[in-house]
Amino acid sequence: MKKLIKRKEYLDFLIKLKDKNIIKVVTGIRRCGKSTLFELYKKYLLENGVKDEQIISLNFENPSDMNFSDWKELYDYVNDKINSKKMYYVFLDEVQILDHFEKAVDGLFLNKNIDLYITGSNSYMLSGELATYLTGRYMQIHMLPLSFSEFLEYYGRENELKKYNTYIENGGFPYLLNLDNNSDLIRNYLDGIYNTILLKDVVSRNNVKDTLILESIVKFLFDNIGQIVSTNKISATLNSNNRKNSVNTIENYLSYLLDSYLIYKVSRYDIRGKEYLKTGDKYYVCDLGLRNYLLGGIKDLGSILENVIFLELKRKGYQIYIGKYDDLEVDFVLKNNDGLKYVQVALSVRDEKTLKREINVLQKIKDNYPKYLITLDYDKVDYEGIRQIPALEFLTGEIKL
């Protein structure tokens, strides 16, 4: 790789928590850069006074590292490498592969001169037994593939719109930077990621019986990003295509896909009633390159922009909801310690009818929380308190909400 992307926000998270008595957990879809983040952090440690022998690092996807028959062997292996006179930095990459790994993690955490870091590609690792063992003793950071800003860190800032189009076509998996925009190589690489996620993180882990139904659900969700979706609607669509299924099966398979971080679910919030709604969820994909690979090309630039904005908002740590206001919809309602923000996303609003449609709901909301309209237009306009901002300037950090 010509230049290593530093993943600054994630690296800063680890640096801030160095030597803190808490387990650092990095989650995220396969190949999003978790192992590289560990390499960057270990380099930081070595440059700041930590010795090689104080770093113990195991990657459980590497056969030479995965030579433990049970969790106790892992626990003993680490303990044999340390003494009470130094601080040790222990990295366990994709540790969920080892059965009952949480027992080893729990035991190692009790050692006061171990600073413990773990990664996983499935949200299972933060549920069930691990949550029971480690409640209140870990902090999580969730990693995503490269942001557009990180993508430009590699390719440069010239011709940003052209590079945005490349970004949404190929996606943000870091290794793609090595493939020089070769479409055949990129497709081959994405094929490998997709099949590994489905076979290892979904089918094998959950003993999925009907892989055809599973793939049909994935394609349906990828094809309907940003649309209100229900399990009944998915079930009915598959049944109409002669994919016989039950709603219960659909619900189970959806939960498996969410656990693998292949998709994200966003629930609805009633702005007028100030309550969370149990129906009418939307789904977004973790990476648009995977979507294009599966659907055979770019489809619906407006929905793609909405998905890109969703991922950027997720990176920024917002709680994200779909807004309902009477019969109208706000693309995103954001919550953080400062309160709420409302965001509409549109490809372009230079057509007057489109502009009116997009800002109509925001005009009806009479509270004083900030309201934004994000578009690919380069226009910056204020419509009586509704700020229109260029998407590319938001994605590169030039404009903040």
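Reply: We start with the ground rules, then go feature by feature.

Me: What kind of model is this, and how are residues numbered?
Reply: This is a predicted model: local features need pLDDT of at least 70, side-chain atom pairs count only at pLDDT 80 or more, and totals for chains, interfaces and linings use all residues. Residues are numbered from 1 along each chain as its sequence is written, and side-chain values use heavy atoms, with hydrogens and water left out.

Me: How do I read a sheet?
Reply: Begin with the elements. Helices (H or I, at least four residues) and strands (E, at least two) are DSSP runs, numbered from the N terminus. Two strands pair if DSSP finds at least two bridges between them. Here 8 strands form an open sheet with mixed pairing, in the order 9-8-11-12-13-14-16-15.

Me: Which strands stand at the edges?
Reply: Strand 9 (275-276) and strand 15 (381-383) do. Each has a single partner strand, so one side of each is left without a neighbour in the sheet. Strand 9 pairs with strand 8 (residues 268-270) in the antiparallel sense, over 2 bridges. There, Y276 in strand 9 is the bridge partner of Y269.

Me: Which strands does helix 13 lie across?
Reply: Helix 13 (residues 301-315) lies across strand 11 (319-325), strand 12 (328-336), strand 13 (339-346) and strand 14 (371-375). Its angle to strand 12 is about 20°. Axes are lines fitted to C-alpha atoms, for helices over the stretch in contact (heavy atoms within 4.5 Å). Angles run from 0 to 180 degrees between N-to-C directions.

Me: What is the order of the sheet with 3 strands?
Reply: The order is 6-10-7, an open sheet with antiparallel pairing. Strand 6 (228-229) and strand 7 (263-266) are the edge strands, each pairing on one side only. Strand 7 joins strand 10 (residues 281-285) through 4 bridges. Helix 11 (residues 247-259) lies across strand 7 and strand 10, at about 110° to strand 7.

Me: How do I read helix packing?
Reply: Two packed helices are described by the angle between their axes and the distance between the axes. Take helix 8 (residues 183-206) and helix 12 (residues 288-295): their axes come within 10 Å and cross at roughly 95°. That makes helix 8 roughly perpendicular to helix 12. The classes are under 35 degrees for roughly parallel, over 145 for roughly antiparallel, 65 to 115 for roughly perpendicular, and oblique for the rest.

Me: Which residues of helix 8 and helix 12 meet?
Reply: R187, L190, D191, I193, Y194 and N195 in helix 8 meet G289, L290, Y293 and L294 in helix 12. They divide into 6 nonpolar, 2 polar and 2 charged. Ala, Val, Leu, Ile, Met, Phe, Trp, Tyr, Cys and Pro count as nonpolar, Asp, Glu, Lys and Arg as charged, and the others, Gly among them, as polar.

Me: How do I read empty space?
Reply: Rolling a probe the size of a water molecule over the atoms shows where empty space is left. On a 1 Å grid over the protein atoms alone, a cavity is a set of points where a 1.4 Å probe fits but cannot get out. A pocket is an open set with protein on both sides within 12 Å along at least five of seven lines, and lining residues have an atom within 4 Å of a point. Grid points are joined across faces, edges and corners, and a volume is the space filled by probe spheres set on the points.

Me: What lines the largest pocket?
Reply: The largest pocket holds about 350 Å³ and is lined by 21 residues. R31, C32, G33, K34 and T36 lie nearest its centre.
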